[in-house]
Every structure is written in structure tokens, then in C-alpha cells.
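Dear colleague,

I am passing on a structure for you to look at, and I would ask you to keep it open beside this message while you read. My notes come after it.

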Amino acid sequence: MPLFQRPRAIIVGGSLGGLFTAICLRAIGWDVEVFERSPRDLDSRGGGLVLQPDVTDALDFSGVTYGPGFGVPSRDRIFVSRDGTVRRMYMPQVQIAWNGLYLRMREALGPLVHAGETFVSFTQDPASPPAAARVTAHFASGRSAQGDLLIGADGPLSSVRAQLLPADTPTYAGYVAWRGVLPEDGLGESSRALLDDAFAFQDGPGHQFLTYRIPGEDGSVRAGERRQNWVWYRRVAQGPALEALLEDRTGHRHTHSLPPGALRETEMHALQRDARHMLAPALASLVTATPDPFVQLIHDYEAPRMVFGRVALLGDAAFVARPHTGAGAGKAAGNALALARALQNVMHDVEDIDSALAGWELAQLPADRRLVRWGIALGRRIMDVAQPA
């Protein structure tokens, strides 16, 4: 069936996965709208990311500029023992800030992103012929949006997935990621000297600490204006200890993460005490100097399918891979770019949408499953097999 107007995608979720999808589909000529439940721009609690080729490929494909000052390069990986002994390995890479990546895409999309819109449900029209099929998304505000394709890019707790696969939820892996970001000028002298131009690790029984430099909140990559991002993986058994950790200062109990500023004083003191006891002094000082550390639970999830008629799941809505893979943003970017390439020739014959989606799903499923399982293997090695450093 010939198409007399441009195909339209309705994207639920305005974090990285949704924005990658929007910029990639817009680049091939689709109309896009993004609906995000938060009423304001998302914050930078994600801290830092290792820059992956899939991210730059998606930005280049979409024409979203990022420039040479996008990230902070590191030359070496260093492995630090509890007593401060250092082993060094040459392994250059680039680290970026979550907020820098987010803001570049958010600004490129402008009014195509609708904030403060909570997804409620969708309906699909059983049109005949299939080429005329449309999908409608409904939001709590009373608003609705119709398109040729609905993308669920709304993260690990996806509301779109909940309608498609109501029995499916991510599985807690038995440990959490403590996270924090500290301005570079807040580093002590020994920490600054150790961490310059390095991506640092400390492993121990049942825990791993890592830290690296990222751009400043304003995107600056000048020395003294950057930030130090750190992550500390630690076991927390499901039960009373985990429930206590997830209770914030107001008494509200969260389910999957605790945002910056919400940690109770007792948990903060316990974290700082453990850092002094377990980490090398130059690394412990990062934890003790961070005013608002936050917590994310580590989960695993694999969707059995990614395409359901004219509804597709993408990024963490479809597969939740542990952060040890370093591929969270890269996975979302890769999904989005592959989807755009699959749909690139659909502009003139909308009947091809269904076959394009089928081909996209066939290619993405095995790759994303491998990534999830690799993350599980890495996590087991870190949490169960690690020996004292």
C-alpha cells in the first residue's frame, strides 16, 4: 500500500533509549513523538558511562553533534590493593557523562519530547489489510497519540512491557551498586595523583569498586572542572537488610533504587565506615567525601520477544544487562540504530513495516541475550569468586 504521509512512531520513555530511538527514526524521515512521565528534564544520577562505538554510531547516523570534548580519555586501567599497591595496564578508552549524552539528544529533539505524560495503556487496531494497522497510546493526562509504531523504551520497569507481558519482572541479582559523583577539585591530593588518566578498580571478596573521570556538570573537560564517578558493587541479601536500605529519609520504601539525597543517616554512616575498612585510602576518600551517594539494585531480565504487532520493546525495557558489561547505553543505541536501518526503506510502502520489524527482532534477540548472560557471568565472577586484593 503506498504511503501518502510520513510514518509515525510513538515512543514511551524519554531517557537514553527513547531519545536514541527518536533521533534515529527521525533521521530516516519518520515523524516521532516521545512521551516521558517525569515533568522535567531527567537528572544525571546515572553518573558516568564508558563511551561505546554504538553510541557514536547512533549520534553520527542521526546528525547529532558531540565534538572532541565529549568525554574524558583515560590511558591506563589500574588495579589497586587494599594497602594501596597498584598494578597498571595500558588500556585507553573514553568516559562520558550521562547528563552530557542526554542533553545533546534532548536539545536536538526539542518540542518532540512531551514531559509529564504517564503512559497508561495502548490499543492496536486490527485493521485490514495489515498495512493500515495503527496503534494508540493513552496517557494519564487524558491525552492519546496514534502512530504506525509504538516503542516501549521506558526502562527496566517498563509500563509498556507490563501490558504485553504482565507476569514478567526483572530478577534481583543479590547485590547493589552504590554510586557517587564528586567534583574533581574535591579530591584529596593522593586520590588525584592516583586517578589521573586512569580507570581504577579494587576487587575483594564479594565486592568490587571502580572509579573514573567524567566531564563536569556543565560538560567541561578541563582539568579541575571535571568529576570523579565511582561505583561500588556489594552484596545485600534480599530481606530485612535490603528493605532497610531502600527506606528513605521520609520513611518511604523504594523498590529498585534510592535517589541522591534520600539515604538515611544510619545507612550513610555504615557506608562510610565500610569504605574506610575495606577500600584503599585513596579510594575510600571518594566515598566519604561524596555528600549524596545513591543506590541501584542489580537485576537481570530477558524478554521472550521484542515485537508484538505494531508495538516493540527496546533497550532496558526488553533486556536488562548488568552494568559490568559497560553496554547499557550502547545496547539502547544499537537497538535504536538497527531499528532505523531496518525501517529505512519503509517510507514508500507501509506494508513493509511488519517484515522490517520481524527482521530487526530476529537480529537483536540473540545479541541481547548473549549480553545479558555475559553480564551474569561477570557478576558471578566478581561477587562469588573474587579474592582479596
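Predicted model: local features only at pLDDT ≥ 70, side-chain atom pairs only at ≥ 80, totals over all residues.

Residues are numbered from 1 along each chain as its sequence is written, and side-chain values use heavy atoms, with hydrogens and water left out.

Helices (H or I, at least four residues) and strands (E, at least two) are DSSP runs, numbered from the N terminus. Strand β1, residues 8-12, is mostly covered, since four of its five residues are buried, where buried means under 20% relative accessible area, exposed means over 50%, and partly exposed lies in between (1.4 Å probe, protein chains only). Two strands are said to pair if DSSP finds at least two bridges between them. Strand β1 is joined to β2 (residues 31-36) by five bridges, and the two run parallel; within this pair, Ile 11 stands opposite Val 34.

Helix α1 itself has 12 residues and reaches 16 Å from its first C-alpha to its last, close to the 16 Å expected at 1.5 Å a residue; the expected span is 1.5 Å times one less than the number of residues. Because 10 of its 12 residues are buried, α1 is largely enclosed by the rest of the structure, and the buried residues include Leu 16, Phe 20 and Ile 23. After α1 comes Gly 29, whose phi is positive, near 100°.

Next comes an open sheet of three strands in the order β7-β8-β9, with antiparallel pairing. Strands β7 (119-124) and β9 (144-147) stand at the edges, each with a single partner strand, so one side of each is left without a neighbour in the sheet. Strand β8 (residues 135-139) is joined to β9 by four bridges, and Val 135 stands opposite Gly 147 in β9.

How many residues of strand β13 are buried? Eight of the eight residues of β13 (residues 207-214) are buried, so the strand is largely enclosed by the rest of the structure. In a regular strand the side chains alternate between the two faces of the sheet. In β13, His 207, Phe 209, Thr 211 and Arg 213 point one way, whereas Gln 208, Leu 210, Tyr 212 and Ile 214 point the other way. Strands β12 and β13 pair in the antiparallel sense over five bridges, and they form a hairpin with two residues between them, where Gly 206 in the turn has a positive phi of about 75°.

Helix α7 (residues 265-278) has 14 residues and reaches 20 Å from its first C-alpha to its last, close to the 20 Å expected at 1.5 Å a residue. Among its buried residues are Met 268, Leu 271 and Ala 275, and what covers the buried residues of α7 includes β11 (171-183), β14 (227-235), α6 and α8 (281-289).

- His 254 is placed in the loop between α6 (240-245) and β15 (257-258), and its side chain makes a polar contact of 2.9 Å with that of Asp 248. A polar contact is a pair of N or O atoms within 3.5 Å; within protein, one must be able to donate a hydrogen and the other to accept it, and residues adjacent in sequence count only if both atoms are side-chain atoms.
- Ser 159 lies in helix α4 (residues 159-164) and is partly exposed, with a relative accessible area of 33%.
- Asp 197 lies in the loop between α5 (189-195) and β12 (198-204), and its phi is near 60°, a positive value in a residue other than glycine.

With best wishes

Key:
Contact = heavy atoms within 4.5 Å.
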